[in-house]
Amino acid sequence: MITKPLNQRLIGWFLLAVSLLNFPLLLLWSHSVTWGGIPLFPLGLFIVWVVLVVGLAWIIERTPDED
Amino acid sequence: MIRTILIADDEPNILISLEFLMKREGFRVLVAHNGQEALDQVANEAPDLILLDVMMPKKTGFDVCQELRAQEAYQHLPIIMLTAKGRDTDIAKGKALGASDYILKPFSTKELVQKVRDIVESST
Amino acid sequence: MLSTSLVIGVAFTYLLILFAIAYSADRAALKGRSWINNPWVYALSMAVYCTAWTYFGSVGRAANSGVWFLPIYLGPTLAMILGWLVIRKMIRIAKTYRITSIADFIASRYGKSQRLASLVTLITLVGIIPYLALQLKAIASGYQMLTTPLNSTVLYPSHWWQDSTFYIALLLVGFTIMFGARHLDSHERHEGMVAAIAFESVIKLIGFIAVGVFVTYYLFNGMSDIFRQAQAIGHLNALFSFNTPANPLAHIQWFSLLLLSLLSMLLLPRQFQVMVVEAVDEKHLKRAVWMFPLYLVLINIFVLPIALAGLITFGVGQGNADLFVLSLPLHSGYEWLALLAFIGGVSAATGMVIVEATAVATMLCNDLIMPWLLKRNGFGLLQCSDLTQIILWIRRGAILILLLLGYVYFKVAGDAYALVSIGLISFAAVAQFAPSFFGGMYWKGGTEKGAWGGLLLGFVMWGYTLMLPSIAKSGWMDTSFINEGPFGIALLKPEQFLGLTGLDNLTHALFWSLWLNIVAYVGMSLWKQPSARETSQALLFVDVFKRKTHSAPVFWQGQAQVQDLMQLMMRFLGQDRSTLLFKQYAQYQGLTLEQLQPNAQLVHFVETQLSGAIGSASARTMVESVVDEEPLELEDVMHILEEASQLRAYSKALEEKSLSLEQATAELRAANEQLKSLDHLKDDFMSSVTHELRTPLTSIRALTELMLDDPDMEWEQREQFMGIILAEAERLGRLVNQVLDMAKIEGGHAEWHTTDVDMKAIIHQAATSMSASYLEKGVSLQLKTPETVAVLRADADRLLQVVLNLLSNALKFVPSQTGQVTVALKDAPEGITIEVLDNGIGIAPEQQALVFEKFRQADNGVQQGTGLGLPISRQIVEHFGGHMWLHSELGQGACFGFFLPRLAHE
């Protein structure tokens, strides 16, 4: 079942998400800097989070039903 | 009364021989080299009979026959189709379009003259 | 403060509204208008993940450790990315085999093992009770907060009958029974409950965001203001960063929280209930997998601002951070907002309690109590003809017991731990299902013994390294075993097992329990061969997408009676429902009720239906009791599987065969069409040849007859006629030659004499032989050739034929006296181009393509040749690898040309 393109895209997105939400990529946000008055770390996490959800929606909604 | 015969054929040598034949038999002869000319001659000169070749440029003999039969005035104008194509389908088509008779090339001149005379005399 | 009656009144009204929604949804479902049959409600019902623990506890956690509340929600987001693969498979398996709980799922996968079902239920029970207690605690503390005057200490009543929490628990029992155990459904689906849960998800989101907006934009000047003020309080800076000096292994803890919440999202009983059991259509999953994470993002946006605002307002270490959502509006005098926030919290808590208690009660009933009763024939159960009411009352009793246990836990240990820790302990318990659950879905090799060993070991490790210490720390046990190890054995210290230090307690416990779980599961699975039943179930689960329901193999053999099976079903599903199900089944098979055969399919059907009501293990036992089974050996499983796959292969082969037959038919038809058109072409060719032969014959015969008829014909006339006869006879001869020529070339029988050819010489030769004709018509012929032309390999006679043909064609179409024909030769290394231009009448565009076709002469009124000259010329040129063309416009003359390559031939 992993041969279907949607499944492959989802697995790819999952692996990307896992790497983005873990060490060491998380450290990219871990600086005591603020952006628009908001500390970078929580802000960065939320940005990554929203991007992941929007990307997921884009991947799954644009692929037509398979079975 | 002198009858007028229109001969339509794109082969000049055939025209020459038919014209000579019909004139010898005492008809007035008109010639046409293609289908369109034939229609024009019919309209202008009102012939009593047409010897119509099938394979002609511009308009074929079938086209000419069909167009004439579509007009009220030429419903009963005698038309003898001349063709070099001997297929049954061609003969059937000619009959269906309203040709009075059908003569296969090469023909016997006597036979042709007899047919023309029969038709011309029966129509008077 | 708010009056007790107001808070109770509002909360109670809210619960009544919920009930009205659930009731209406149930009614609508009965009428066939499902309220929950859409992805929105499905996604919102998934948000039952956000309990009071999220609603109140996240803020508390954020106040203590900053961004560390987030992994609990990032994990589910990760889970949902794979949701379309994993959850869809869970749904497909559960729907196909009537699985209604996670215990049943695992037990069914491993050969419908009773002991696995019981173990999973037990783990769930132990793991979930604290979580239920947590919800009670949240409602109770919220209620206290609202009804106690500011700045006064909250006094807890000393006796349980004075304790409002006890009555809240009882109220929830009533509600849960109404929502989740009002009647028995073999699919274990509850439309009303799901509708109510989805509504609650909306309310809790509104409540939380309302407080967030109020705090952020009313009490403070936006997010940046809060963060700026928080940064002014020195050590709050640590809340915004990932690596803190105190926790050097932060990234491991982060990872384990992500993993833990990812697994919980899929394995918590309430999630399994709403995502899998209550799923109406697996297509809804497609939208829900991104809408649910979006919900999580929304409900978390204001967590950090509220936490920081609370810390700034009340001072660090002052006030209960878990209740900032209520205390901030109260503190600023906005009691109605606090009340709204409280209703949101009540939504979060009740939603969780209702679904969790329903799900766990089903497990308790089906996987623990019923098997036990049936085995011992308790209360004469086996003789009872209708068990539906008994099952229903067992469920209701289980719900009561669950919530009372929750209440007891709350009373005993409620204050010991912050909300968030209790939640994580529960998460770690259900995480133990992961190896046997997912292993069972994707690995055919997993066995019952492996699952049993893994679950047991993981559960024991969880209890020892996480649960026990937490109980001890609540003051109920001597904590010396934590600090010094049991019996003073330091290596066995529960929070530093085998001397593993440096990890936080949760990660430590999760690591040991899951590691041992996986090792035991995989190790024991590989150690011993699975039984036949395990193998068959493994195949059914792992390959669920590969089979359609009707082609699934049925692993059963033996003797049975239709009557026995029907009576069995009636006992557990009631008479009406059973009769209906049997009728539907018979109809599906295309039979009447009387014609039903007691075959493997029917037994399987009955067992599946029973599974929905009493769990697969009990259903197995019950079916066994009324049929005469032959034990299933591994060989039988393989045999049945082979038969099924052969059947599948046959039908596939049949499909392929019919497809190829169809293709063959189409090909035959096309070939036939082609033959017909070839036949037609041949017919046309013959007809054309006949025509071309008859035309000159006509003149010859007519003229000959005329001369014979008239011996006195004038000499001039006779001479003209004989000239015509001669010309027509020549035409006839030419025609016969060309037809033969064409036939030879086309049939590949032509003789080609390839030599070195000088094209310049050929053109001059052709011009010389045509010069008499050109002179006669008064047409000028001009040759444009280079000084020397390199030779090429070709047949000189054939090329001469081509040039002659073009020259005589041109001559026919140019006017006499003013006609001009030019032959141009261009020599290039790749080949020679020859063009013949004339100033004749030209050829109309639509006629140009026809001139190269046999007997297709352009209509131009000029008497011409046989209609074969150009086609033959083209064939000759193409034979030597060249090509021929025509450029012309009507009235502008024509240009026939051809190109001969130098290297193409030989």
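## Chain B and the basis of the model

Two residues are taken to be in contact if their C-beta atoms, placed from the backbone, lie within 7 Å. In chain B, residues 24 or more positions apart account for 58% of the contacts with a separation of 6 or more. The model is predicted, so that local features need pLDDT of at least 70 and side-chain atom pairs count only at pLDDT 80 or more, while totals for chains, interfaces and linings use all residues. Residues are numbered from 1 along each chain as its sequence is written, and chains are lettered from A and ligands numbered from 1 in the order in which they are written.

Chain B holds five helices and five strands, where helices (H or I, at least four residues) and strands (E, at least two) are DSSP runs numbered from the N terminus. Read from the N terminus, its elements follow the order β-α-β-α-β-α-β-α-β-α. Of the 124 residues in chain B, 40% are buried, a residue being buried if 20 or more other C-beta atoms lie within 10 Å of its own, exposed if 12 or fewer, and partly exposed in between, with C-beta atoms placed from the backbone. The peptide bond from Lys105(B) to Pro106(B) is cis, with omega near -10°, and Pro106(B) belongs to the loop between strand 5 (101-104) and helix 5 (109-122) of chain B.

## Contacts between chains

The contact between chains B and C draws on 20 residues from chain B and 18 residues from chain C. On the chain B side, helix 1 (residues 12-24) provides the largest share, eight residues.

Between chains C and A, 30 residues of chain C are in contact with 29 residues of chain A. Helix 13 of chain C gives the most to the chain C side, with six residues. By class, that side has 22 nonpolar, six polar and two charged residues, with Ala, Val, Leu, Ile, Met, Phe, Trp, Tyr, Cys and Pro counted as nonpolar, Asp, Glu, Lys and Arg as charged, and the others, Gly among them, as polar.

## Nonpolar cores of chain C

A nonpolar core is a set of buried Ala, Val, Leu, Ile, Met, Phe, Trp, Tyr and Cys residues joined through C-beta atoms within 7 Å. The largest has 235 residues, and those with the most contacts inside it include Ile106(C), Val120(C) and Leu267(C); its largest share, 24 residues, comes from helix 16 of chain C. Leu267(C) touches, among others, Ile102(C), Phe272(C) and Phe437(C), not counting residues up to four places away in sequence.

Helix 30 is followed by Gly778(C), whose phi is positive, near 75°.

Lys112(C), in the loop between helix 6 and helix 7 (114-147) of chain C, has a positive phi near 55° although it is a residue other than glycine; Lys112(C) is buried, with 24 other C-beta atoms within 10 Å. Gln817(C), in the loop between helix 31 and strand 6 of chain C, likewise has a positive phi, near 75°, but Gln817(C) is exposed, with 9 other C-beta atoms within 10 Å.
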